[in-house]
Amino acid sequence: MAHPTQQVNPEVFDSALWQWIEQHRKGNMEQLRLKYGLKEPYFSAIAQLHARKKYAAKFEDLPSSWIFPTGLALEQSSSVATATFKGELLSTPYFVDLCAGMGIDTWALENKSSTKQGLAFELNEGVARLLETNLEKTRVVQNEARLDLIDEWVKTQKISKEDLTIYLDPDRRAQGKRSFGIADCTPNLIVLQEELLERSSRVISKHSPMLDLESIKELSNVQHVFIIQSNGECKEVVVVQQANHTEELTMALVDVDTQTRILFGENSTKDRLPLSAAFKEYLIQPSAGLGKSLRHEELAKEMDWTPTIYGNLYTSDKRSEPSPFYRVYKVVEESQPYKFKSKIEQAAIECIGFPESVVQVRKKLKAKEGNASKVFALKADRKKSMILTERIS
């Protein structure tokens, strides 16, 4: 493991070290760490090998010369895919990033051709040094975000309010405790929002995928809410506040892998669809992002799905078109728990409200892991059942 206090040193990187990194790209990380320990330039070089190997998919398409940090800044960073989406929201030539961290979001903001300059705050000295090396259009301040420093920069650069966007990804681990509420993060956007909107035309903030969407009502001038999904998982919630915006907000579910989205209005469906305990020919399971949006009932009405009594599962006689926002399964057999007539050799297993774990269910079914078939072990109120399905899309 990397030393908990030592950070990557950008000054040791030269052409020879990059060549060494390339030569050891397929090397054993533990053996290299045992051999070189904390000795530079190898400590910093091995950190690059580790980041490129462990987070290859997350940071794909970054510049080849990007120098990765160690520690929480690396682990907590946005992926290139989610950062690129946030970069597309920038419509002004100048921006301020209040909490830069590793700087992937900052890089996406400055990477737009229309961006002239950015200002980024990062309290950690070692990470701030890396930001100075990695970023091209952004001035890095090794300090906590301060309004007076923003005002000074704006005055020096002669930036109008209409030309400035403020971005923040608040720290959700204040006082050593992980939090999901807006008011519990640092900086507190609820307290700061009026000051930020006085200085900029737009405030864009990133929040935990666990955020209670009701808490967004504590924010003013909200124009858009984006539920960001990647690889079928809900990754983050992005809120856009527009100065002087007073109209209804819009909510969009965005799959950054396929560049597709579903747009919803502010209010969710008020007329609840009747629930069914029976399954039709197809079973539909919303993605984590669609479930997070709380708008799956609106889509269900549009797609003619019937909600079941089991969580967010839906059923239909019609086969729905493939989508990154839900999975479709063909119902093969419904039975009492463990009473299938069909022989199940391989299957994925999911328990919804069921009193036993996936491991216990798999053991009793004597089924190996597989993706082509799936067993849903279900319980709602006193009704327990199992559904054997084949995955369609």
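Student: Which residues are buried in helix α2 (residues 29-36)?

Tutor: This is a predicted model, in which local features need pLDDT of at least 70 and side-chain atom pairs count only at pLDDT 80 or more, whereas totals for chains, interfaces and linings use all residues. Residues are numbered from 1 along each chain as its sequence is written, and side-chain values use heavy atoms, with hydrogens and water left out. A residue is buried at under 20% relative accessible area, exposed at over 50% and partly exposed in between, with a 1.4 Å probe and protein chains only. By that criterion, the buried residues of α2 are Met-29, Leu-32, Arg-33 and Tyr-36.

Student: Do these residues lie on the same side or on opposite sides of α2?

Tutor: An α-helix has 3.6 residues a turn, so residues three or four places apart point the same way. The arc is taken from the directions that run from the helix axis to the C-beta atoms. Because Met-29, Leu-32, Arg-33 and Tyr-36 cover an arc of only 100 degrees around the axis, they are on the same side of α2.

Student: Which helices do the buried residues of α2 pack against?

Tutor: A contact means heavy atoms within 4.5 Å. The face of α2 turned away from its buried side carries the exposed residues Gln-31, Leu-34 and Lys-35. The buried residues of α2, in turn, pack against α1 (15-23) and α3 (42-54).

Student: Which residues are buried in helix α8 (residues 147-157)?

Tutor: On the other side of α8, Lys-155 and Thr-156 are exposed. The buried residues of α8 are Ile-150, Trp-153 and Val-154. They cover an arc of only 100 degrees around the axis, which means that they share the same side of α8: Ile-150, Trp-153 and Val-154.

Student: What covers the buried residues of α8?

Tutor: Strands are DSSP runs of E with at least two residues, while helices are runs of H or I with at least four, numbered from the N terminus. The cover over the buried residues of α8 includes β1 (94-97), β2 (117-121), β3 (138-141) and β4 (164-168).

Student: Which residue with a positive phi follows α8?

Tutor: Just after α2, Gly-37 has a positive phi of about 55 degrees. After α8, a positive phi, near 55 degrees, belongs to Lys-158.

Student: What percentage of the residues in the protein is buried?

Tutor: The protein contains 12 helices and 16 strands. Among contacts with a separation of 6 or more, residues 24 or more positions apart account for 65%. Of the 393 residues in the protein, the buried share is 51%.
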